[in-house]
Amino acid sequence: MNELAKTAFNRRPDLHVETEGEFAGWRTWTRDNFETHTGPFYHRMDENGRITCAFRVGKKHLNGSGNVHGGCFMTFADYCLFALAGSVLQGPGVTVSFASEFLDAAREGDLIECTGEVTRAGMSLIFVRGMLTSAERPLFSFSGTIKRVKRRAAPQATA
């Protein structure tokens, strides 16, 4: 694994490494209140630098039919965009486009996993695609574009 990927993977100030349970050793972010409330969602990097994301379906993830709500899949996939792009993002970014296809349903108790790749990383845009699966069964495919953004400096006080 290259040093860039190691550095970017560990650099977020809101990074949290889970210490207990099924996802011990997996990472998540704590700054995004909506993802924290909707998840928890996790990611990890293997020895080859490949990112996998995952979550376990709970009752709160279900729609009225007892399947994972489409909005939950979409929220998780947006989380995955940033996890998959972490080694090249190197700072803040925003999702500027997102496309998806619902392929199959998932139920309470299922482990949902995501793998994917950065298809192109330019100066301002990063293109990513991924697939959500459960027990190797395709559930949801997606692609998205992240725009790198610069943090604005705080306004200077005028005298």
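Helices (H or I, at least four residues) and strands (E, at least two) are DSSP runs, numbered from the N terminus. I worked on a predicted model, in which local features need pLDDT of at least 70, side-chain atom pairs count only at pLDDT 80 or more, and totals for chains, interfaces and linings use all residues. Residues are numbered from 1 along each chain as its sequence is written, and side-chain values use heavy atoms, with hydrogens and water left out.

**Entry 1: aromatic rings.** I searched the whole structure and found twelve aromatic pairs. Rings of Phe, Tyr and Trp (its six-membered ring) pair if their centres lie within 6.5 Å; planes under 30 degrees apart count as stacked, over 60 as edge-to-face and the rest as tilted. For F41 and F76 I noted centres 5.0 Å apart and planes at 50°, so this pair is tilted. F41 is in the loop between α2 (33–38) and β3 (42–45), while F76 is in helix α3 (residues 70–89), 35 residues apart.

I then looked up F55 and F76, whose centres are 4.8 Å apart with planes at 65°, so this pair is edge-to-face. F55 lies in strand β4 (residues 51–56) and F76 in helix α3, so the pair ties together parts 21 residues apart in sequence.

I also noted a cluster in which ring pairs link W29, F41, F55, F76 and Y79.

**Entry 2: burial.** F41 and F76 are buried. F55 counts as buried at 0% relative accessibility. I looked up V149 in the segment after β8 (137–148), and V149 is partly exposed, with a relative accessible area of 30%.

Methods
Buried means under 20% relative accessible area, exposed over 50%, partly exposed in between (1.4 Å probe, protein chains only).
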